[in-house]
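Subject: Structure handover

Hello,

Here is the structure I promised to pass on. Please open it first, then read my notes below.

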Amino acid sequence: MNYYLWTIGCQMNFADSRRAVEALETMGYREADRPQEADLIVLNTCVVRQSAEDKVTGRLTSLQGLKRRKPEVQIVLMGCFVHEVPSLQQRYPWVDAFALPSDVDTVVDLARDLAAGVPHPAARDTEPPVARETPVSAGVAISYGCDHLCTYCVVRLRRGREVSRPVAEILAEVRELAAQGAKEVTLLGQNVDSYGHDLADAGRRADKGHWRPDLADLLKAVHEVEGLERIRFLTSHPADMTDRLIEAVARLPKVCEHMEVPVQSGDDSVLRRMGRGYSVAQYRDLVSRIRQALRPEREADTAAIPSVGLATDVIVGFPGETQQQFEATYRLLEELRFDMVHVAAYSPRPGTPAERLPDDVPPEEKERRRQAIDDLQERIVGEINAQFQGQTVEVLVEERHRGKWRGRTRTNKLVFFDVDGVDRTGQMARVRIQWTGPWSMQGQIIDVPQLGETDQEDEG
Ligand code: SAM
């Protein structure tokens with residue numbers, strides 16, 4: 001039995017797809033290169049922007065003919081596209097099953113039924129179940145849904161209110177991944193900073209009174225997992241990031257100096273209309289607290305490479321965004337100099353409050369603003385990365401890619417180095433940087449220090 005799985009959207013979708021793949025391959029399914037070769041097709045979807053939704057509908061439409069020619073193929077639609085199922089059934093009658101966002105169980109149940117109904121079970125015996133190789137770096141969902149009410153965002157309507165997974169359940173998944181060889185986990189949620197606020201009271205503690213675990217507690221617990229070397233988390237919400245969390249990142253050696261804190265706009269009135277719950281001044285203050293807390297310990301290092309990788313999201317062309325308001329965003333990005341900016345042109349999303357506002361920035365103007373920020377960011381990251389030239393960085397090697405090893409630094413910089421006949425997958429390599437560009441760097445491997453040796457070192 002073969003499956004074809006297509007994923008688009010956030011890291012949560014990719015983490016859900018990884019869980020589905022693990023379950024399918026354990027059942028004896030094999031990955032097909034093309035939908036035409038599959039018995040089971042899963043589309044894990046996103047509708048956060050119109051462009052993502054268009055790609056999903058394109059994919060869905062392209063499967064109609066395949067289903068006609070091969071009616072036995074089972075098609076499952078999963079993710080944020082799934083909403084008001086009866087109307088989806090009417091529009092896409094060739095889809096066999098619908099699974100809500102993160103509902104991997106529905107996919108697995110259907111796959112099991114499908115495998116059980118295979119007319120020639122002997123054919124299955126030729127494919128003994130093998131567990132898929134665990135990735136060096138894996139995403140682990142820590143909460144689902146979102147409690148914020150950003151006026152442009154459809155996520156809450158599709159994924160519902162925030163539900164945190166219990167600490168024990170997350171730890172069990174992380175331990176399992178580490179036991180299988182994962183070296184890094186990224187804790188995922190729409191807003192990880194509010195992790196735990198919905199969990200049951202964890203009891204009384206002398207120092208805290210009644211308390212619930214928060215993200216800082218979770219990081220501490222995950223930090224204890226043996227075999228794991230790095231921890232990341234995303235995405236954060238600026239209004240929910242506490243000093244306690246920033247301190248935990250600074251204190252826990254396995255937690256990487258890398259944060260994704262979406263600002264969305266550099267203008268207070270746009271932020272208010274977006275329902276973001278913070279001002280530009282508060283955001284600026286947050287960035288400075290993060291950079292201050294994670295600054296290099298040794299004074300000499302401040303002249304070297306940046307000690308924290310900061311990423312942000314920006315929406316351009318929100319309803320009513322004037323040229324001046326856009327320029328305020330541009331200037332803020334120039335001032336704060338992020339390592340990564342995910343910039344999106346606003347698109348109205350069904351059912352959101354902003355959908356009722358006039359979408360009055362013309363598409364070509366949205367594109368001009370988006371491109372201006374992309375160009376600015378290319379220059380800024382090019383300059384930031386140039387500081388790495390000649391420095392030695394610690395790279396967790398993830399995989400081979402086009403004849404090179406590929407990995408990332410603690411601050412999430414992508415680094416490539418030449419293959420040298422040794423399997424470096426999962427190694428923590430020290431690499432001297434010889435070439436830098438805005439999107440990646442290249443270097444030469446120096447050595448692979450034994451575990452523990454790197455603990456006291458900064459990059460550089
Ligand atoms: N929770 C995070 C936050 O604080 O915003 C980010 C998660 S959000 C699902 C992913 C990104 O998609 C947002 O940061 C935003 O930039 C973008 N986005 C969401 N709705 C959008 C819309 N209607 N049009 C364009 N971009 C949108």
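Does S102 count as buried or exposed, and at what relative accessibility? At 13% relative accessibility, S102 counts as buried. Buried means under 20% relative accessible area, exposed means over 50%, and partly exposed is in between (1.4 Å probe, protein chains only).

Before more detail, some ground rules. This is a predicted model, in which local features need pLDDT of at least 70 and side-chain atom pairs count only at pLDDT 80 or more, while totals for chains, interfaces and linings use all residues. Residues are numbered from 1 along each chain as its sequence is written, and side-chain values use heavy atoms, with hydrogens and water left out.

The whole chain

The chain holds 13 helices and 20 strands. Both are DSSP runs numbered from the N terminus: helices are H or I with at least four residues, strands are E with at least two. The C-alpha trace spans about 70 × 60 × 55 Å along its principal axes. The radius of gyration is 23 Å, which agrees with the value near 23 Å for a compact globule of 460 residues. That radius is taken over C-alpha atoms, and the globule rule is 2.2 Å times the number of residues to the power 0.38.

Of the 460 residues, 52% are buried. Take the contacts (heavy atoms within 4.5 Å) between residues at least 6 apart in sequence: 71% of them join residues at least 24 apart.

S102 sits in the loop between β5 (97-99) and α4 (104-116). Its side chain makes a polar contact of 3.0 Å with the side chain of R159. A polar contact is a pair of N or O atoms within 3.5 Å; within protein, one must be able to donate a hydrogen and the other to accept it, and residues adjacent in sequence count only if both atoms are side-chain atoms. Beyond its neighbours within four places in sequence, S102 touches M12, D16, R19, M78, Y144 and R159.

Y144 belongs to strand β7 (residues 143-144). It counts as partly exposed, at 21% relative accessibility. Leaving aside neighbours within four places in sequence, the contacts of Y144 include M12, R19 and S102. N191 is 47 residues from Y144 along the chain, yet their C-alpha atoms are separated by 8.8 Å.

V415

V415 lies in strand β18 (residues 414-418). It is buried, with a relative accessible area of 0%.

Backbone points to check

Where is the cis peptide bond? It joins L234 and T235, with omega about 0°. T235 is in the loop between β12 (230-234) and α9 (243-251).

Q264 is not glycine, yet its phi is positive, near 75°. It sits in the loop between β13 (258-260) and α10 (268-274). Q264 counts as buried, at 7% relative accessibility.

R402 also has a positive phi, near 45°. Its place is the loop between β16 (392-401) and β17 (404-408). R402 is exposed, with a relative accessible area of 78%.

Best wishes
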